[in-house]
Amino acid sequence: MLRLNRDEFRDKMYGCWMGKSVGGTLGAPFEGRQELLNVTGYTSPAGEPLPNDDLDLQLIWLKAVQERGPRAITNQLLGEYWLNYIPPSWNEYGVCKSNMRAGLLPPLSGEYENALWKHSNGAWIRSEIWACLAPGCPDLAIRYAYADASVDHGGGEGTYAALFTAALQSAAFVVGDREELLRIALAKIPADCRVARSLALVREAHAQGKSWQDARNLVVEDSVDLGWFQAPANVAFVVLGWLYGEGDFGRSLLTAVNCGDDTDCTGATLGALLGILGGRQGIPAEWSEPIGERIVTIAIDRGSWWGVPKTLTELTDQVLAQTPASLASYDPDVSLSEGPTELGEEHRTGLTGTDAARALWEKSPYAVEFDFVHTRVLLDYQREPKVQPGVPFTVTVTLVNQVPSCQHAEIAWHLPEGWQILPSPQRHVSLRQHPPTDTVTVTLLPDCLPTATVRGILEVTVPGRPTVGYVPLVFFSAE
């Protein structure tokens with residue numbers, strides 16, 4: 001069991017949000033600069049922080065948790081909140097929203113025709129909310145982070161980066177050792193992904209006594225093929241600032257920001273991490289006092305939501321109110337208490353587990369998922385849903401039995417007249433308890449494309465159950 005002292009947790013969470021505000025304000029004026037920088041302090045007017053979408057989107061995720069509850073958080077739910085409350089269409093933000101408006105559900109919304117921006121920075125910069133809802137429970141934090149990141153990054157490096165930062169920040173609420181924290185977070189991403197590769201370069205350079213500038217240049221050179229504004233290099237800059245800052249808050253942030261590139265994101269994420277580790281007192285007054293604790297937004301449709309938290313204190317208390325329900329909903333061995341923080345050795349050892357993370361890595365970025373109470377259905381397009389007349393398109397349908405008895409299911413495809421469904425447009429599936437899963441492979445053969453966008457429905461019926469499942473189908477002409 002892990003028991004977190006409530007007041008200690010609240011102090012660390014406040015440090016998280018203050019550190020994020022500090023780092024974002026420090027780095028924002030230099031966002032997009034690709035050269036080595038020489039920033040020595042704030043360059044924005046004193047008196048309040050600069051707005052930062054890194055925080056804004058997390059306010060919308062908090063709203064989703066408050067309104068729907070922690071167990072309702074899925075990529076489809078967060079996708080709807082994107083469309084309702086987040087106007088900007090920058091890079092992957094615009095890609096995912098246009099894909100959803102065209103009918104593509106997450107994670108397809110983040111994967112389809114998003115070869116460049118699915119590796120970018122939009123998701124790992126907004127992982128603090130998930131860490132604060134799952135303190136000391138990185139496997140829960142990455143579950144949330146995957147639901148979030150897959151909306152606009154599909155199965156790209158941007159999603160892996162979000163798993164890394166969410167796990168790192170979640171574990172930082174209970175672990176203070178830097179190397180142990182890095183081991184925990186690295187266990188949550190594939191060892192051969194580009195994020196892990198960039199991080200290895202930084203760690204090796206630091207261990208070899210190379211300068212931070214040399215370490216930064218190694219990462220930049222290794223990332224040339226990915227291009228500018230991408231997650232592997234920028235996450236590595238966060239860790240670079242942490243390593244070379246050697247425990248000094250200001251020095252750490254300045255080092256990360258001076259690496260250039262997505263500077264508001266690197267500064268904000270490292271500031272949040274250091275804020276968790278040191279709490280309110282770990283952020284020197286010279287950094288916190290010039291900006292205060294007001295929240296200034298830039299990426300939220302304020303005409304649709306007037307209840308945005310006005311201060312970091314208000315944000316901290318609102319998240320704190322949701323954390324016990326988040327922990328209880330998934331029944332981890334973590335709880336908040338009035339007594340001292342207690343971290344059991346078994347729980348500490350389990351922080352580096354890979355099973356939960358591996359299950360996320362193995363999710364297909366082309367598969368959409370629906371929960372129909374008695375049965376969960378995963379439709380995997382297996383590739384981008386582009387079709388041509390006469391060219392077969394193979395999909396898989398996986399049905400998961402979610403009731404304590406065997407059941408029979410009927411699946412039926414409803415597509416335009418002239419489309420062939422092989423072996424049959426209707427199929428009977430027997431679902432047992434052990435194993436509870438069955439997968440059906442179906443080949444669709446379009447005879448014609450009556451429109452450039454073809455829509456259909458996969459219907460799932462279980463006799464004796466009142467809920468009928470309807471899975472929307474969307475295909476685009478490849479001609």
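Helix α8 (residues 157-172) packs against α10 at an angle of about 60 degrees, and the two axes lie 8 Å apart. The model is predicted, so that local features need pLDDT of at least 70 and side-chain atom pairs count only at pLDDT 80 or more, whereas totals for chains, interfaces and linings use all residues. Residues are numbered from 1 along each chain as its sequence is written, and side-chain values use heavy atoms, with hydrogens and water left out. Helices (H or I, at least four residues) and strands (E, at least two) are DSSP runs numbered from the N terminus. Axes are lines fitted to C-alpha atoms, for helices over the stretch in contact, and angles run from 0 to 180 degrees between N-to-C directions.

The orientation of α8 and α10 is therefore oblique; angles under 35 degrees count as roughly parallel, over 145 as roughly antiparallel, 65 to 115 as roughly perpendicular and the rest as oblique. In the contact (heavy atoms within 4.5 Å), Glu 157, Tyr 160, Ala 161 and Phe 164 of α8 meet Arg 194, Val 195 and Leu 199 of α10. The residues of this contact comprise five nonpolar, no polar and two charged, where Ala, Val, Leu, Ile, Met, Phe, Trp, Tyr, Cys and Pro count as nonpolar, Asp, Glu, Lys and Arg as charged, and the others, Gly among them, as polar.

Helix α10 (residues 194-207) also packs with helix α12 (residues 231-245); their axes come within 8 Å and cross at roughly 25 degrees. This angle makes α10 roughly parallel to α12. The crossing of α10 past α12 is right-handed, a crossing being left-handed if the near helix is turned anticlockwise from the far one by less than a right angle and right-handed if clockwise. On the α10 side, Arg 194, Val 195, Ser 198, Leu 199, Val 202, Arg 203, Ala 205 and His 206 take part, and they meet Pro 232, Ala 233, Val 235, Ala 236, Val 239, Leu 240, Leu 243 and Tyr 244 in α12. The contact of α10 with α12 comprises 12 nonpolar, two polar and two charged residues.

Grid points are joined across faces, edges and corners, and a volume is the space filled by probe spheres set on the points. The structure holds three cavities of 30 Å³ or more. The largest cavity contains about 110 Å³ of space. It is lined by 15 residues, of which Ser 21, Pro 49, Leu 50, Asn 52 and Leu 55 are the closest to its centre. Helices α1 (6-27) and α2 (53-68) each supply at least two lining residues of the largest cavity, and α1 gives the most, with five. This lining has eight nonpolar, four polar and three charged residues.

The second largest cavity has a volume of about 50 Å³ and is lined by Gly 103, Leu 104, Leu 105, Leu 108, Val 368, Tyr 381, Pro 472 and Val 474. Seven of these residues are nonpolar, one is polar and none is charged.

The largest pocket holds about 840 Å³ of space. Among its 26 lining residues, Ile 73, Thr 74, Arg 143, Lys 363 and Glu 369 lie nearest its centre. At least two lining residues of the largest pocket come from each of α3 (75-85), α7 (138-153), α18 (355-361), β4 (367-371) and β5 (375-380). The lining divides into 14 nonpolar, five polar and seven charged residues. The second largest pocket has a volume of about 330 Å³. Of its 16 lining residues, Cys 137, Asp 139, Pro 332, Asp 333 and His 347 are the closest to its centre. Helix α7 gives the most to this lining, with four residues.

Most residues other than glycine have a negative phi, and most peptide bonds are trans. Pro 106 and Pro 107 are joined by a cis peptide bond with omega of about 5 degrees; Pro 107 is in the loop between α4 (92-101) and α5 (108-111). The peptide bond from Leu 422 to Pro 423 is also cis, with omega near 15 degrees. Phe 229, which is not a glycine, has a positive phi of about 70 degrees and lies in the loop between α11 (212-222) and α12.

Terms used. On a 1 Å grid over the protein atoms alone, a cavity is a set of points where a 1.4 Å probe fits but cannot get out, and a pocket is an open set with protein on both sides within 12 Å along at least five of seven lines; lining residues have an atom within 4 Å of a point.
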